[in-house]
Amino acid sequence: MKEIELAKEHFGRLIEEQFARIENMKKDNEFLSYESLDTIIIGIVGGDGIGPFITGEAQRVLAFLLKDQVQENKVRFKVIDGLTIENRAAQKTAIPADVLEELKQCHVILKGPTTTPRAGDKWPNIESANVAMRKELDLFANVRPVKVPDQGIDWTFYRENTEGAYTLGSKGIHVNDDLAIDFTVTTQEGSHRIIKAAFEYAKKAGKTKVTAVTKANVIKTTDGKFLAIAKEIAKDYPGIELDDWYIDIMTAKLIDPKRRRDFQVMVLPNLYGDILTDEAAEFQGGVGTAGSANIGKRYSMFEAIHGSAPRMVEEGRGEYADPSSIMRASIMLLEHIGFIDEAKKLQMALDICGLYETRVSITGREDGATGAEYAQYVLDTVQDEHLEEKWKNYQK
């Protein structure tokens, strides 16, 4: 009985926290207007492992593309160094308080990968820095595009970022030696805003279909709520079809050449989005080539979707890490803050360098290029006066 009572108390506290979070979500309704800012502050967070190596190269490319805006003080870079696993472990927190304060001084953040401790390793059991940042800055929409033109793939994933199976990932209950329980969370407000964002994107981008991915046939309460909200929102978008798939069959259909061309915009709870976006990234060269956006109303963060690869650094291979993923994230950052032409140049250059021309190859080892050499290849391509013409020729 004592164990049951303690579990009830724990669960009660979690519900109180979620009610408070819901009230905060309801208060914040306006998105930040970047056009109204005198100076846009871009935070550069290296993270740990290979993070500082690849993020440094992405900053170099961004600094070139935005050199005029930097000179005019319309854009300013702010380097934030404290989000390493060593610093987080020493302070026993996912994001140290001083680092969080620095993050909140930025408008958008370009973030390198960070190490999340696992059971049995040398680090204390602290929460994922990514999960913590999404919660602290309320970055509710994880947006990941995947494009492979020659296979007819043009997907955009809207993954809910602050709820689902991850939001209470470090707050489960070990009731006793025989029983451990974790929780998944779905709220009306959280589900509505991510699904609404997916439909709004589809409308603006001229898409005709949004696909909701759940396991509502089995996880009837939380996934069922997510799907029900999607069906209600779809009524407001008569030109856009809503279809829904279960996560297990969806993983199969993404690799089905007959069906995968049918998908356009996908909206998913947190865990399913994590799974499908990693699978989808393999089509364009693996998770090392994919970036993602984490969008909130006040802050936004852009990152590579792969891990920190500490073994590469331990083996002295950090300089050979591929910066493509965080450069892809930089495209999304540029688009988000309104620099569309600069974003297009970088996207064309990365397509030419990574998909078509591929004159410089990264292998992660000494037999390939360093990240700095690859970044220079991208920079040289960005400056090619025939860039757009060359890119269009590759599209034919």
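**Briefing on the predicted model**

Just after helix α13, threonine 358 adopts a positive phi of about 45 degrees. The structure is a predicted model.

**Helix α13 and its cover**

- Helix α13 comprises 17 residues, numbered 340–356.
- From its first C-alpha to its last, helix α13 reaches 22 Å, which is close to the 24 Å expected at 1.5 Å a residue.
- The buried residues of α13 are Glu342, Ala343, Leu346, Met348, Ala349, Leu350, Asp351, Ile352 and Cys353.
- The cover over these buried residues of α13 includes the helices α2 (51–65) and α3 (67–71), together with α12 (324–336), α14 (371–382) and α15 (387–395).

**Aromatic pairs**

- The count of aromatic pairs in the model comes to eight.
- One of them joins tryptophan 155 and phenylalanine 283 in an edge-to-face arrangement, with 5.5 Å centre to centre and 90 degrees between the planes.
- This pair links distant parts of the chain, its two members being 128 residues apart.
- Tryptophan 155 belongs to strand β5 (residues 153–160), whereas phenylalanine 283 sits in the loop between α10 (270–281) and β11 (291–295).
- Both tryptophan 155 and phenylalanine 283 are buried.
- Through ring pairs, Trp155, Phe157 and Phe283 are linked into a cluster.

**Isoleucine 80 in strand β2**

- Strand β2 (residues 75–80) contains isoleucine 80.
- Isoleucine 80 has a relative accessible area of 0% and is therefore buried, the cut-off being under 20%.
- When neighbours within four places in sequence are left aside, the contacts of isoleucine 80 are Ile44, Val45, Gly46, Val99, Glu102, Leu103 and Cys106.
- Between the C-alpha atoms of isoleucine 80 and glutamine 376 the separation is 24 Å, and the two residues are 296 residues apart along the chain.

**Nonpolar surface patch**

- On the surface, Phe11, Ile15 and Phe19 form a nonpolar patch, and together they have about 300 Å² of accessible area.
- Phenylalanine 19, a member of this patch, is placed in helix α1 (residues 2–27).
- Phenylalanine 19 counts as exposed because its relative accessibility is 56%, and the cut-off for exposed residues is over 50%.

Technical notes:
Residues numbered from 1 in each chain as written. Predicted model: local features only at pLDDT ≥ 70, side-chain atom pairs only at ≥ 80, totals over all residues. Heavy atoms only, no water. Patch = residues over 30% accessible without salt bridge, like charges linked within 9 Å, V, L, I, M, F, W, Y side chains within 5 Å. Areas by Shrake-Rupley, 256 points an atom, 1.4 Å probe, with all protein chains shown as cover. Salt bridge = Lys/Arg side-chain N within 4 Å of Asp/Glu carboxyl O. Helix = DSSP H or I, 4+ residues; strand = E, 2+ residues; numbered from the N terminus. Buried < 20%, exposed > 50% of the residue type's maximum accessible area, 1.4 Å probe, protein only. Expected span 1.5 Å × (residues − 1). Contact = heavy atoms within 4.5 Å. Phe/Tyr/Trp six-rings, centres within 6.5 Å; stacked < 30°, edge-to-face > 60°.
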